[in-house]
Amino acid sequence: MKKHRRIRVLVLSIALGLSVWGAAFTFTTASFSEGDVLSAEALNALLNNNFQAAASATDEKLDLSGGTIDGTLRVNGDASQNGGGALFVSQTNNALSAGVFQGNANTGFGAVSIKQQGTAPVLTLRASGLGQVLIGANASGARFVVENDGSISIGNLGSVGTSDPTLRLDAEAGTVTNDVGSGLPVAFGFIGSDCSLETETSTSNFSAAEADFPDPSCDIVIDGGGSPNDYVVIVTPDGALETLTPFTAINGPAAINVSFLDADDQFHAQAFHFVAFKKAAP
Amino acid sequence: MKPSGRHRRLRVAILSAALGLSVWGAAFTFTQASFSEGDVLSAASLNALLNDNFQAASDAIDAKLGVAGGTVTGRLSVAADAALSQEFLDSLGIDLATSLFVANTASTGSAATFLAESSDEAPAVFAWQQGNGTAMTLKAAGSGDLIQAFSPPFSRAIPAFSVQNDGTVSIESANASLTLHAATGTIENQDGSGIPLAHGTVDGKGDKLGGTTNWTSSQNDTGIYTIDLPVDYNEKAHAVTLTPVQKVGDDPVALNVLLSNGGDLVIQARNTATGAPVDTTFTFVVHAVSP
């Protein structure tokens, strides 16, 4: 009988030895034989000790309120079988993040490294609410923000990324502005001597036409309304055979008039290039 | 010594309560086994008791983290000292150590999805780098974009913000777009406006005084200068603006672009009063609609 008891104890100890976490909860099927006799004390100890070890090991890893895994956790999934992804993390508390990744590396890759081996995007971000899509912060605060509509703000943006940027790429306006207002030209192009628009050379947001006065001269109207005073316009003649001096003027509520004077102070029909910048607010 | 039926049923009931884990509880709890010396259980009952309840426990844990996946309710913390072995990482072609490794071997689906319902400052994912390393690294072994970001309405198939495979950044809205081209180093918006293709200053002898690094200049004749751009110049592709740079008291100078001449940008400077060619320092800016 002593021999039988030792054998069974050995079997159950292997089954329940979970203090070292394994891939899954596996156990060896008990196989007592009819007529075996164990002492109650031995059976109690066998069950209690091993269940306690299993309970402690499981609690340490994953109890009702979550758990902590000391060591590396690998999740290998096959999304075609499991749905949306190998790892799905959901946070229902409206004040917390779904995931926090904290690193302490001085070299190499980031606190979070994502590698895409297929041809799909490496990282997809989706903001169903109104929050920012992406914030990059250093020790002094947010420095790079992608806002909900895709606009990008760069600079010392404060703790939550909403302070005035030094450089902003605006998704709605399609403009790039810095803190002094300079940025992309609002329009540029090439205008023929008859005020015809050369579309291959020009931005698509303005029109040009012959002006009534002075004659000859051209009126340029930049889309989006606003006063001609809102723009800084630079003009250069193209292919001039005479010495010409360009002039710009305001013609009505929307038109920027461009004319050329020759050496005899006569207005002259002339093809020209122009670039217009939107003035910063005073 | 004949076994007591009452005792056997009592012990079975106790152990069943202890091991009934098919519904996962707060923790892995169990009732202390308390067999008394002299109790006798049938082997079949004991086998069934252990096997059924271990199977239930196994199923419960598998539901959390089994070989086919599982669900963890509550916070899961993974704390490690970059424990994945270098051999393992090398075998995957990944040269970094990590505490959490998530791989999706299917050709569809994401490796990880993070879903949050936060309405305050907490982001869906917070990557916090406490060392001097990068906070987030993205690596595209394929040809896909590095980042795609979507905001409502999701019916628009184009991401509001994306970083393409080569680093090109695109911002798209219903009314406008901005593209920062990685290959050409230019910015283009919905109207075609972008940063200049080239700009700089040329002195009266045709020497380059400064500007972007993608052009050279020379003097052809008195008051005639050639600027060699990285692409062939023609007035149908480029907008050019010129401004003379002079000292106080100099005769006024008028500048103009001469008609396209074999792909070179040719500038002409003349005395405004006399019309005679004259050497002068000038600045220029060239914009191209198509970067």
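Guide: Let me begin with a term: the bounds of a domain come from an automatic or database domain assignment. For chain B this assignment gives domain 1 (5-65), domain 2 (143-195) and domain 3 (198-288). The model is predicted, so local features need pLDDT of at least 70 and side-chain atom pairs count only at pLDDT 80 or more, while totals for chains, interfaces and linings use all residues. Residues are numbered from 1 along each chain as its sequence is written, and chains are lettered from A and ligands numbered from 1 in the order in which they are written.

Visitor: What separates the centres of domain 2 and domain 3 of chain B?

Guide: The centres of these two domains of chain B, taken over C-alpha atoms, are separated by 35 Å.

Visitor: And how many helices and strands does chain A have?

Guide: Chain A has three helices and 19 strands, where helices (H or I, at least four residues) and strands (E, at least two) are DSSP runs numbered from the N terminus. Chain B, for its part, has three helices and 18 strands.

Visitor: Switching to sheets: which six strands form an open sheet, and in what order?

Guide: The order is β6(A)-β6(B)-β7(B)-β8(B)-β9(B)-β10(B), and the pairing is mixed; two strands are said to pair if DSSP finds at least two bridges between them.

Visitor: Which strands stand at the edges, and why is one side of each left without a neighbour?

Guide: They are β6 (123-126) of chain A and β10 (187-189) of chain B, and because each has a single partner strand, one side of each is left without a neighbour in the sheet. At the β10(B) end, strand β9 (residues 177-180) of chain B runs antiparallel to β10(B) and is joined to it by three bridges, with B:T179 having B:E188 as its bridge partner.

Visitor: Which open sheet has four strands?

Guide: That is β13-β12-β19-β16 of chain A, whose pairing is antiparallel. Its edge strands, β13 (197-198) and β16 (231-237) of chain A, each pair on one side only. Strands β12 (residues 187-191) and β19 (residues 272-278) of chain A pair over five bridges, and A:F188 stands opposite A:V275.

Visitor: Last topic: how many residues are in the largest nonpolar core?

Guide: The largest nonpolar core has 48 residues, and those with the most contacts inside it are A:I191, A:I220, A:F274, A:A276 and B:I267. Such a core is a set of buried Ala, Val, Leu, Ile, Met, Phe, Trp, Tyr and Cys residues joined through C-beta atoms within 7 Å. Strand β18 (residues 281-288) of chain B gives the most to this core, namely five residues.

Visitor: Why is β18(B) largely enclosed?

Guide: Six of its eight residues are buried, so β18(B) is largely enclosed by the rest of the structure. Strand β11 (residues 198-202) of chain B runs antiparallel to β18(B) and is joined to it by five bridges, while strand β15 (residues 238-245) of chain B is also antiparallel to β18(B), with eight bridges. In these pairings B:G200 has B:F284 as its bridge partner, and B:P244 stands opposite B:F282.

How values were computed:
A residue is buried if 20 or more other C-beta atoms lie within 10 Å of its own, exposed if 12 or fewer, and partly exposed in between; C-beta atoms are placed from the backbone.
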